[in-house]
Amino acid sequence: MAKKDDEAAVRDKIAELPAFGDVAARLHELILETAPELTPRLWYGMPGYARARSSPVICFFRVDDDQYVTFGLTEKANLAPDEGAADKLMGSAWFLTELDGPTEARLADIVRRAVG
């Protein structure tokens, strides 16, 4: 499957989502706007984004039981604790039900950091 076919498969999957299709479509756009070097493809049946078609997925999203959208990072992402955090935890997944300006800004920051 070519890169163009991979993107079409991701867009088709987003169009098929029973809930949160608008959130998924915007999240797809946001990821590609923030990190245009990432390549979309289906990963475990949901949208995933990697540096190249044959590279490991760095970030992904999925719709869970029509209740939440999960945005997540894989172990291949550039992971580090939040700067200034008192703990050593590294975030790897977030739930959302809608996108607004502050949420988009935070997600863009997460994607930028994940790509490194």
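Pro 40 has Tyr 49 in β2 as its bridge partner. This is a predicted model, in which local features need pLDDT of at least 70, side-chain atom pairs count only at pLDDT 80 or more, and totals for chains, interfaces and linings use all residues. Residues are numbered from 1 along each chain as its sequence is written, and side-chain values use heavy atoms, with hydrogens and water left out.

Start with the sheet. It is open and has five strands, in the order β1-β2-β3-β4-β5, with antiparallel pairing. Strands β1 and β5 are the edges, and each pairs on one side only. On average, neighbouring strands are turned by 25° against each other, direction ignored. Strands (E, at least two residues) and helices (H or I, at least four) are DSSP runs, numbered from the N terminus. Two strands pair if DSSP finds at least two bridges between them. Strands of a sheet pair through backbone hydrogen bonds, either parallel or antiparallel.

Now follow the strand pairs. β1 and strand β2 (residues 46-50) run antiparallel and are joined by five bridges. Their hairpin has two residues between the strands, and Tyr 44 there takes a positive phi near 50°. β3 and β4 also run antiparallel, joined by six bridges. Arg 62 stands opposite Thr 70 in β4. Three residues lie between β3 and β4 in their hairpin, and Asp 65 in that turn has a positive phi of about 50°. β4 pairs with β5 over four bridges in the antiparallel sense. Here Val 69 has Leu 96 in β5 as its bridge partner. β4 is mostly covered, with five of its six residues buried. Buried means under 20% relative accessible area, exposed means over 50%, and partly exposed lies in between (1.4 Å probe, protein chains only).

Helix α2 (residues 21-34) has 14 residues. From its first C-alpha to its last it reaches 20 Å, close to the 20 Å expected at 1.5 Å a residue; the expected span is 1.5 Å times one less than the number of residues. α2 touches β1, β2, β3, β4 and β5, and its direction makes about 170° with that of β3. Helix α3 (residues 101-115) touches β3, β4 and β5, and its direction makes about 25° with that of β4. Axes are lines fitted to C-alpha atoms, for helices over the stretch in contact, and angles run from 0 to 180 degrees between N-to-C directions. Among the buried residues of α2 are Val 23, Ala 24, Leu 27, His 28, Leu 30 and Ile 31. An α-helix has 3.6 residues a turn, so residues three or four places apart point the same way.

Next, look at Asp 64. Asp 64 lies in strand β3 and is buried, with a relative accessible area of 18%. Its side chain makes a polar contact with the side chain of Arg 62 (2.8 Å). Such a contact is a pair of N or O atoms within 3.5 Å; within protein, one must be able to donate a hydrogen and the other to accept it, and residues adjacent in sequence count only if both atoms are side-chain atoms. Leaving aside neighbours within four places in sequence, Asp 64 is in contact (heavy atoms within 4.5 Å) with Thr 70 and Phe 95.

A search of the whole structure finds five aromatic pairs. Trp 43 and Phe 60 form a tilted one, 5.1 Å centre to centre with 45° between the planes. Trp 43 lies in strand β1 (residues 39-43) and Phe 60 in strand β3 (residues 57-64), so the pair ties together parts that are 17 residues apart in sequence. Trp 43 is partly exposed at 27% relative accessible area, whereas Phe 60 is buried at 12%. The rings of Phe 71 and Trp 94 have centres 6.1 Å apart and planes at 35°, so this pair is tilted. It links distant parts of the chain: Phe 71 in strand β4 (residues 68-73) and Trp 94 in strand β5 (residues 93-96), 23 residues apart. Phe 71 is buried, with a relative accessible area of 0%, while Trp 94 is partly exposed at 23%. Rings of Phe, Tyr and Trp (its six-membered ring) pair if their centres lie within 6.5 Å; planes under 30 degrees apart count as stacked, over 60 as edge-to-face and the rest as tilted. Trp 43, Tyr 44 and Phe 60 form one aromatic cluster.
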